[in-house]
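Open the model in your viewer and keep the selection tool at hand. This tour goes stop by stop, with something to select at each one.

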Amino acid sequence: SRRVEKKHPELFRPVDARLSRQHRELWSRLGVASGDRWLRLHVNLTGIQDYRFCPEDIFFARIERILNDCDEAGHGPDDKGGLFRFVPKENRPVTVLRYVRGNFFDAENNWVDVNRARQLLQGQFVGKPCRSSGGNGVVLRDDFTPEWIERNGGEAYEVQEKIKQCEFTAQFNKSSINTIRMMTMRCPWDGNIVVCRSMLRMGVSDAVIDNMMKGGLCVCVGDKGQLGKYAYDYDGKRFDKHPASGLAFEGMAHPGYAKMAEVAKSVHKNILSFNLLSFDLVLRDDGSVCVVEINATSQGITQLQYDFGGLFGENTGKLIDWCAAQRHFDRFHHFRTWY
């Protein structure tokens, strides 16, 4: 938020006093004093007068720590090399080779020697560290070798075929795989799994990734797949058209949104230690849904709230009350600055 404020101080000007009071009272029910810094950002940026906008600091220091087993960070569903444990084969990227702690494995998890690994690496593939975030370390290469992976892959590395995305997302930027980031929540008071908020992330260069931290844009997506009027960069700059393709966002709808929501909720059903997950999803050119990765901790929420209101919508009050009563699940002791 301080990075955004430095470039756009107008986004942090005061908002309606009554709205601010409602916001502070709502989030203070979690046992910490809440300010209205995040409320001001969202209201000034979007014009939406929703006191339920979720503050990012409270989300990370309270909500995520209570809903999810954060001690499992990097070792559960957010381990990119372990998607096969949770996601059906037809909904996973096509794996060519896995590298884990000095061992190579094929797509069926059979151990292979270096010579076989070299044979499997003939072609252009996407490589990614299994425990990274923000698109860090993701590369598209046609010269992978076992030796390169051993030097650069860390403890665990995944080599996959490049995903062929549908025409709808490709029209914005063909170079990047433009994913839907979709947050789902298992409501712990009734077990129902719902979609909280979603956004379409798009690249703007010839890079293979769409991450906003690497220069990409996001446009929020409504519950019917409709795109918001504007896209945003990481610093809150607004675009009514894609800067590379020139396409306007208003009036468009993602044709695979409903199918993606069903896949995400189906996968989440079998992941029990995490009540809150963020899926990166692609509609492929054959109409199937691909789960590129799952984020279970340190899930970004700010951009998800840019165009359709607070993160948890009508479930906000119930969620706050449940988390306030279940503080014992938060075993992570740390310092946090409150505004």
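Select helix α3, residues 37-46, in this predicted model. How many of its 10 residues are buried? The count is 9, so α3 is mostly covered. Colour the buried ones: Arg 37, Trp 38, Leu 39, Arg 40, Leu 41, His 42, Val 43, Asn 44 and Leu 45.

Now show what covers them. Among the covering elements are helices α1 (2-7) and α2 (17-27).

**Next stop: helix α4**

Select residues 56-67, which make up α4. This helix is mostly covered too, with 11 of its 12 residues buried. The buried run takes in Asp 57, Ile 58, Phe 59, Phe 60, Ala 61 and Arg 62. Ile 63, Glu 64, Arg 65, Ile 66 and Leu 67 are buried as well. Which elements do the buried residues of α4 pack against? Show α2, α3, β7 (180-186), β12 and α9.

Stay with α9 and select residues 316-325. The axes of α4 and α9 come within 10 Å and cross at roughly 80°. Angles of 65 to 115 degrees count as roughly perpendicular, so α4 and α9 are roughly perpendicular to each other. Zoom in on the contact. From α4 come Ile 63, Ile 66 and Leu 67. From α9 come Leu 319, Trp 322 and Cys 323. What classes of residue make up this contact? It has 6 nonpolar residues, no polar ones and no charged ones.

**Aromatic pairs**

The whole structure holds 9 aromatic pairs. Start with Phe 59 and Phe 60, which form an edge-to-face pair. Their ring centres are 5.3 Å apart, and the planes stand at 75°. Both residues are buried.

Move on to Phe 168 and Phe 172. Here the centres are 5.7 Å apart and the planes meet at 85°, so this pair is edge-to-face. Phe 168 and Phe 172 are both buried. Then select Phe 144, Trp 148 and Tyr 157 together: ring pairs link them into a cluster.

**A serine in a strand**

Find strand β12, residues 276-283, and select Ser 278 in it. Is Ser 278 buried or exposed? Its relative accessible area is 0%, so Ser 278 is buried. Show the side chain of Gln 299 next. The side chains of Ser 278 and Gln 299 make a polar contact at 2.7 Å. Leaving aside neighbours within four places in sequence, Ser 278 is in contact with Arg 181, Met 182 and Met 183, among others. Its contacts also include Glu 293, Ile 294 and Asn 295, along with Gln 299.

**Last stop: an arginine in a loop**

Go to the loop between α4 and β1 (95-100) and select Arg 92. The relative accessible area of Arg 92 is 16%. Buried means under 20%, so Arg 92 is buried. What does Arg 92 touch, not counting residues up to four places away in sequence? Show Leu 83, Phe 84 and Val 87, then Arg 284, Cys 290 and Val 291.

Finish with a distance. Draw a line from the C-alpha atom of Arg 92 to that of Gly 222. The two residues are 130 residues apart along the chain, and these atoms are separated by 25 Å.

Methods: Residues are numbered from 1 along each chain as its sequence is written. This is a predicted model: local features need pLDDT of at least 70, side-chain atom pairs count only at pLDDT 80 or more; totals for chains, interfaces and linings use all residues. Side-chain values use heavy atoms; hydrogens and water are left out. Axes are lines fitted to C-alpha atoms, for helices over the stretch in contact, and angles run from 0 to 180 degrees between N-to-C directions. Helices (H or I, at least four residues) and strands (E, at least two) are DSSP runs, numbered from the N terminus. Angles under 35 degrees count as roughly parallel, over 145 as roughly antiparallel, 65 to 115 as roughly perpendicular and the rest as oblique. Contact means heavy atoms within 4.5 Å. Ala, Val, Leu, Ile, Met, Phe, Trp, Tyr, Cys and Pro count as nonpolar, Asp, Glu, Lys and Arg as charged, and the others, Gly among them, as polar. Buried means under 20% relative accessible area, exposed over 50%, partly exposed in between (1.4 Å probe, protein chains only). A polar contact is a pair of N or O atoms within 3.5 Å; within protein, one must be able to donate a hydrogen and the other to accept it, and residues adjacent in sequence count only if both atoms are side-chain atoms. Rings of Phe, Tyr and Trp (its six-membered ring) pair if their centres lie within 6.5 Å; planes under 30 degrees apart count as stacked, over 60 as edge-to-face and the rest as tilted.
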